[in-house]
Amino acid sequence: MLGRAALPCHEHPADLWFAELPAEVEHAKELCAPCPLREQCLAGALERREPWGVWGGELMLQGRVVPRKRPRGRPRKDEVAA
């Protein structure tokens with residue numbers, strides 16, 4: 001049986017799985033990669049429609065998996081040639 005302490009989410013601060021900074025979110029996702037419960041964790045989060053956080057190595061927002069967290073602020077405007 002796997003001990004709880006061996007799971008990444010039990011070895012690192014809980015705030016990391018609900019981080020605001022995109023770099024920290026990516027770090028949390030990387031920590032989940034070798035977890036033996038990753039698939040079960042993600043399946044449970046999808047079933048519960050978790051509002052946010054890293055679950056099973058994926059970022060959840062409003063109950064759905066999103067590829068990455070966007071930084072705060074407005075997106076950059078592309079310059080248009082006149």
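A polar contact here is a pair of N or O atoms within 3.5 Å; within protein, one must be able to donate a hydrogen and the other to accept it, and residues adjacent in sequence count only if both atoms are side-chain atoms. Lys29 gives an example: a polar atom of its side chain sits 2.9 Å from the backbone oxygen of Pro67. The model is a predicted one, in which local features need pLDDT of at least 70 and side-chain atom pairs count only at pLDDT 80 or more, while totals for chains, interfaces and linings use all residues. Residues are numbered from 1 along each chain as its sequence is written, and side-chain values use heavy atoms, with hydrogens and water left out.

Now for the overall layout. The protein chain has 3 helices and 3 strands (DSSP runs numbered from the N terminus, H or I of at least four residues for helices and E of at least two for strands). Along the sequence they come in the pattern α-α-α-β-β-β. Of its 82 residues, 28% count as buried, where buried means under 20% relative accessible area, exposed over 50% and partly exposed in between (1.4 Å probe, protein chains only). The chain exposes about 6600 Å², with carbon and sulfur atoms supplying 55% of that (Shrake-Rupley method, 1.4 Å probe; for residues, only the protein chains shown count as cover). As for contacts, meaning heavy atoms within 4.5 Å, 38% of those between residues at least 6 apart in sequence join residues at least 24 apart.

Back to Lys29, which belongs to helix 2 (residues 22–32). Lys29 counts as buried because its relative accessible area is 13%. Leaving out residues up to four places away in sequence, Lys29 touches Val54, Gly57, Glu58, Leu59 and Pro67. Its side chain also meets that of Glu26 in a salt bridge, 3.3 Å from N to O (the term asks for a side-chain nitrogen of Lys or Arg within 4 Å of a carboxyl oxygen of Asp or Glu). Both residues lie in helix 2, 3 residues apart, or about one turn of the helix. Glu26, at 30% relative accessibility, is partly exposed.

The structure holds 2 salt bridges. Glu50 and Arg48 also pair up this way, at 2.7 Å from N to O. Glu50 is buried at 15%, whereas Arg48 is partly exposed at 47%.

The largest nonpolar core has 9 residues: Leu16, Trp17, Ala19, Val25, Ala28, Leu31, Cys32, Val54 and Leu59. Such a core is a set of buried Ala, Val, Leu, Ile, Met, Phe, Trp, Tyr and Cys residues joined through side-chain atoms within 4.5 Å. Val54 has Trp17, Val25, Ala28, Lys29, Cys32 and Leu59 among its contacts, neighbours within four places in sequence set aside.

Aromatic rings come next. A search of the whole structure turns up 2 aromatic pairs (ring centres of Phe, Tyr and Trp, the last by its six-membered ring, within 6.5 Å; planes under 30 degrees apart are stacked, over 60 edge-to-face, the rest tilted). Phe18 and Trp52 have ring centres 5.1 Å apart and planes at 65°, so the pair is edge-to-face. Phe18 lies in the loop between helix 1 (8–11) and helix 2, and Trp52 in strand 1 (residues 52–55), so the pair ties together parts 34 residues apart in sequence. Phe18 also pairs edge-to-face with Trp55, at 6.1 Å centre to centre and 75° between the planes. Trp55 is buried at 18% relative accessibility. Phe18, Trp52 and Trp55 form one aromatic cluster.
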